[in-house]
Every structure is written in C-alpha cells, then in structure tokens.
Amino acid sequence: MTELLTADQMRGFEKAAIARGDASGLDLMERAGQGVVEAILAQWPELTKGGHRALVFCGPGNNGGDGFVIARLLRDVGWTVQVHLHSDPAALPADAKENYDRWMQAGEVLPLVAETVFAGARPDLIVDAVFGIGLSRPVPVEIAQVLDVAGMKQWKSPYKIKRVAVDCPSGLDLDTGIIPTDRAAGRKAGSAWPATLNTANLTVTFHAPKPGHYLALGPTLCGSLKVVDIGLGGAARESQMIGQSPDPQRIRLAEPFFAGRNVTGSWLRSVMGKPNLPGHKFNFGHVAVFAGGVGRGGAARLAARAALRSGAGLVTVICPPSALIENACQLNAIMLRALKKDQPLAEVADHRVTSFCLGPGMGVSQRTRDLVQEVLARRAGEYDLEDPVVVLDADALSSFAQDPQSLFAQTHARTILTPHEGEFERLFPDLSGPARSRLSKVDAVRQAAKRAGCLVLLKGADTVIADPQGGATVHAASYGREVPWLATAGAGDVLAGLIAGLAASFGSGTLFCAAELAAYLHVEAARSFGPGLIAEDLPEELPKLFRELGL
Ligand SMILES: NC(=O)C1=CN([C@@H]2O[C@H](COP(=O)(O)OP(=O)(O)OC[C@H]3O[C@@H](n4cnc5c(N)ncnc54)[C@H](O)[C@@H]3O)[C@@H](O)[C@H]2O)[C@@H](O)CC1
Ligand SMILES: Nc1ncnc2c1ncn2[C@@H]1O[C@H](COP(=O)(O)OP(=O)(O)O)[C@@H](O)[C@H]1O
Ligand SMILES: [K+]
C-alpha cells in the first residue's frame, strides 16, 4: 500500500532530507525537473527526437522553479521552448530564482497572459508549472483562462498538443481533490465544475502521490499519474504492511502493492485467513443478514450471497415470518430463519454468529432501530476483538437520521457504517454539502468515524475508510480501474455483505483491513465482469477472481 502525503507531510519529508544533508533544495528541484522530462519522453517516445516546440507556464513558487528546470532541459535537447511567468522574478523563492537565472542566460520570459500565450504557433507540449502543493486560494480568472483546456482551440488541430502537469494541474488542491473557486471565477450553471477546466494528459508528482490525485476531481483532471523518486529517502511509510491496521493520522491507498511488488495473493490470505487452515464451517464465521418484509428481500439476499461467496462458513438470512416463503423460494446454501416481533434474537442467532449485516432492504422504521440496537448491545465479554462484527448500511443508517447520536452511543470498535453520500449526509449533515468545499472527503470521514466511535466507509469512485483514531484509506476506482457500470442498484448491498463475510472468520485481518479488501474486490469483480454488470453478477465473479488473484 502506498502512503498518500498531504502538502504539509510532503514539506516535512523535504525538510528532513535537506536537514540530513541528503540533498539541497536545488538538487531536489533539478531531480524533479529531470524526472518530469524523463516521464514525458517515456510517455511519448515520438518526442525523443527533438526539434519540438514547448510552452512552459511558470508560477511564483517552487512549482514554477521546476518549470524553469524543465524548460532548460528541453532546450538542451534541441527543443524550441517559450516560457511564460506569472510573477515578479525578484519575488521568486531562492531555488526557483536560481533556475530562472540559469534559464535567462540563454532565454527570455513572457508574461502568462492569453494574448502572448496564444499568439505563437501551436506547441507540441504545454507544461503547467504554475501551482503545485502551495496552492492557497482560487486561481485568478486571467490565469484560469490561460490554463483552460478549451483555450487550445485557438490553435489548429489542438488535439495534437500534449499537456503535462507538474505535481498537479494548477488549481487542483492536492489535499482534497477539489478546485477552490471564488465567485469571480464562477461555476457552470447548476454544476460542481468550475467555468474553466485545466486538465492534463500526464501528471508527474514527486516522492509519493497526494490525496488530491485520487479524491474527487483529481483523477479526471490529472490524466495519467507518474510518481518520480527524487531521492528524499525514508520511503513514505510504505512499511504499513498490507494486513496491518492503519497508522493513525496517515492516509494510505488500498492497493495490492508493497515496495513496488504485486502482493495480491498474500494480501487476500492475510485478511481472509481461511485457505490452508484446517477447521470446520464454524471456524470460518457465521454471518447473519437481516431482511425486510415481503417483496423487499432482494437487497439482503444480495448481501448474503456476497458474504457466502467471500468465504464465510455459514450465512443466515433473518426475516419477518411473513417473508419466509419468499426467501425460501430464493435461497439454498444460505440458511433462513424467521424472527417474530417479540421473539428474542438469541433464539434465531446464537453466540456463534460472528458478523451481522443490517440495513439493505430492512425499511426505515422503529423496528430497524430496535434490531440495530439489540445487535450492537450483544457483546462477547471482556475482549473487544471477540465482539461480533456489525455492518450497518442503507436503512440501518437512515433509520437514525432524526437522532444519529442514539446510534453513536451504541456503536463499538467492531462496527462499520457503510453509507453512500446521501446516507452520510443524514447522519453527518455538518460534514456534507457545502462543508465539503473546505473539507476533504478523507477528513470528513475521519471526523465522522471519531464522532461515531467506529469505522466509517463512505462509498464512491473514491471510497474512503477511516477509524476513530484518524487512520484512513482511500480506495480509488481510477487510473485505469474505472468502473462506472458499478453504479447499479444493489451494488452497495453486495459491498456490505462482502465486508460482513470477509470479517466473519476472525482471520488475522482486522475489520479495517477487511473493509479495504472488500472495496478492492468489489471493484475488481466489476472490472472482471465488465459493462452490463448487475449487482447479482458481483458475488458470482468472486471465485474466478480469487483464482486469478492467487488465493
Ligand atoms: N516539497 C518538495 O519536496 C519539492 C517540491 N517541489 C516543487 O515545489 C512545489 C511547491 O512549491 P511551493 O511551496 O513554492 O508552492 P507552489 O509553487 O505550488 O505555489 C506557491 C506560490 O504560489 C502562490 N499562490 C498560491 N496560490 C495562488 C493563487 N491561487 N493565486 C496566486 N498565487 C498563488 C503562493 O503565494 C506562493 O508564492 C511542488 O508542487 C513541486 O512542484 C519540487 O521542486 C521537488 C521537491
Ligand atoms: N463511478 C463509480 N465508480 C466506482 N464505483 C462506484 C461508482 N459509482 C458507484 N460505485 C460503487 O457502487 C456502490 C453503490 O452503492 P450504493 O450507492 O449503496 O447503491 P445501492 O444502495 O443501490 O446498493 C458503492 O460501493 C460505490 O462505491
Ligand atoms: K502545476
């Protein structure tokens, strides 16, 4: 798993490397510029021949400094390079000023304004080195207009121009994936998108990716993402091994890589615990999924099917007596019990149930609230680790919209809430909507987890999982892993069942790791099946996936 570094953390790594004497700021800037040029030529080998034309846009900070290095290195290999600067050169920080001076020994700098940028011939390459991690406010309108991808239409055959962003397309906040805009810059009517849009074909970042490359608009704006090693050392804590709990206050990316190696098989084995161990079905966990009334059982059956396919030893659907026949007609390997209104839960779900899943199709009602509270009150005794896992999704969350605190008063460390944005807003209105123009999805989910006293997984193409201590993971269906066809009714129910099933076995993995793996498998199952997918297909794709992933 790769660590995602916030701007502050990145600056910390840079300072530490300089303090250790590993490199000077100027060395780092040179390596950064060199890394960008190498990445450009690797991405487009046809550009290696030289004789091409580049526009380099430089900003007032060290991102601009990288731009001057790139301009010089391209010029050295025979390119015609035109540099535009948005700043008073005298105000540049020291390393950027030094690289400005080196460029100026045989070059010139034009202002970064539309009239001069679009006056010349069509470039082959545009390098955006205006703002990186130092972005502190909305980009001024006149610069946003120059950076707007639509501006390229001023040249003939604009699709031939390659756009490269240094650290990020300028204007993207790398902590949040949001584009801060002010009223002057405006937004398209009725849209979350700003009126102008700066996108890249290739984004080159340094040392480690940043949260904003994966959250919100980040993946759409960045194109493809390349991380360049600039020798900062102390690899951004990749030592958070797969299968281990997250480091509090740090953010990681849920992916099957460790130290550059693909470790999918060992990730699956470390979290699932099942293969190669002797034992009987009760050793591999018993999942109980609560279903709603007549005609509403589909969602629970989807969750149950995912739980069983994910390796749980037993799965039982618990439904009201009126829905027994409907469910009996649909279920075979999944067991079925009816729970009467005043019947004690223990009569249908004994102490061997290791994982509960509540919400899908249950209905928003007092009955759902009561069942959630009864399940949360069931504790195993002294050790938290033996409490049954409780996955709360959909109606189990919405049933507490009027009084979220009464839910949070009962949740425990083995509880996970799995809302989509709408359900999240019902429980955490102050961490949703307008608040999210300031607060990253990661920080919103961290605050939610702290308040709820349990894990929270907020769904989306950028799924975020956080624990109450601040540990957080992003699982991103982006950069070649896009699965828009996963936005299909019932896909969330399958995810809830998958978490309940993976966490049921008391394998070596924690609930947090089970949630990370579930998010990954969910998207891999959708990728494996492809377009045309419906929710029923997801659990059925798992056996093939497990085989392919080396379980
Ligand atoms: N931290 C590191 O380890 C390294 C950083 N490098 C580069 O340095 C960059 C960070 O440099 P800085 O911290 O100087 O930050 P930036 O260069 O990203 O931007 C900071 C400057 O832009 C101004 N600014 C911010 N938002 C603005 C806005 N909306 N309108 C007008 N002006 C605005 C600030 O006042 C400041 O002058 C990175 O993105 C990366 O490109 C590289 O040289 C490699 C090493
Ligand atoms: N564009 C997308 N890319 C990747 N995953 C997506 C996308 N849209 C939705 N998903 C995933 O699909 C699931 C939808 O869940 P949810 O909104 O609860 O739907 P439902 O209630 O119909 O099951 C979530 O796991 C979400 O992360
Ligand atoms: K940039």
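This is a dialogue on reading features in a predicted model.

Me: Which residues does UniProt place under the feature "binding site"?

Reply: The record, an unreviewed entry, lists Asn-63, Asp-128 and Ser-170. Such annotations may be inferred rather than shown by experiment.

Me: Take Asn-63. Is Asn-63 buried or exposed?

Reply: Burial is read from a count of neighbours: a residue is buried if 20 or more other C-beta atoms lie within 10 Å of its own. Asn-63 has 26 C-beta neighbours inside 10 Å and therefore counts as buried. Asn-63 is found in helix H3, residues 62-76.

Me: What does Asn-63 touch, not counting residues up to four places away in sequence?

Reply: Its contacts are Ala-129, Val-130, Phe-131, Gly-132, Gly-134, Val-166 and Asp-167.

Me: And what about Asp-128: which element is its place in?

Reply: Asp-128 is in strand S5, residues 125-129. Asp-128 is buried too, because 28 other C-beta atoms lie within 10 Å. Leaving aside neighbours within four places in sequence, the contacts of Asp-128 include Phe-57, Leu-147, Arg-163, Asn-198 and Ala-200. Ser-170, another of the residues in the UniProt feature, is also in contact with Asp-128.

Me: How many residues of H3 are buried?

Reply: 12 of the 15 are buried, so H3 is largely enclosed by the rest of the structure. Among the buried residues are Asn-62, Asn-63, Phe-68, Val-69, Ile-70 and Leu-74.

Me: What covers the buried residues of H3?

Reply: The cover includes helices H2 (25-43) and H4 (94-104), together with strands S2 (53-58), S3 (80-85), S5 and S6 (162-166). S5 is the strand that holds Asp-128.

Me: Turning to the ligands, which residues come nearest to ligand 1?

Reply: A ligand site is read as a shell of surrounding residues, then by element and by class. For ligand 1 the shell has 29 residues, of which Glu-14, Gly-61, Asn-62, Gly-132 and Gly-134 come nearest. The elements that give two or more residues to this shell are helix H1 (7-20), H2 and H3. H3 supplies the largest share, five residues. By class, the shell around ligand 1 divides into 15 nonpolar, nine polar and five charged residues.

Me: How many residues surround ligand 2, and which are the closest?

Reply: 18 residues surround ligand 2, the closest being His-420, Lys-459, Ala-461, Ala-487 and Gly-492. Helix H17, residues 491-503, gives the largest share of this shell, four residues. The classes here are 10 nonpolar, six polar and two charged.

Me: What does the domain assignment of the protein chain give?

Reply: The assignment has domain 1 at 2-236 and domain 2 at 258-549. Their C-alpha centres lie 41 Å apart.

Me: How many residues of domain 1 are in contact with domain 2?

Reply: Interfaces can be described in more than one way. Their size is often given as the accessible area lost when the parts come together. Here the description rests on contacts: 11 residues of domain 1 are in contact with nine residues of domain 2. On the domain 1 side, helix H7 (211-214) and strand S8 (224-228) are the elements that give two or more residues. That side divides into eight nonpolar residues, two polar and one charged.

Definitions and conventions
Residues are numbered from 1 along each chain as its sequence is written. Chains are lettered from A and ligands numbered from 1 in the order in which they are written. This is a predicted model: local features need pLDDT of at least 70, side-chain atom pairs count only at pLDDT 80 or more; totals for chains, interfaces and linings use all residues. Two residues are in contact if their C-beta atoms, placed from the backbone, lie within 7 Å. A residue is near a molecule or strand if its C-beta atom, placed from the backbone, lies within 6 Å of it. Ala, Val, Leu, Ile, Met, Phe, Trp, Tyr, Cys and Pro count as nonpolar, Asp, Glu, Lys and Arg as charged, and the others, Gly among them, as polar. Domain bounds come from an automatic or database domain assignment.
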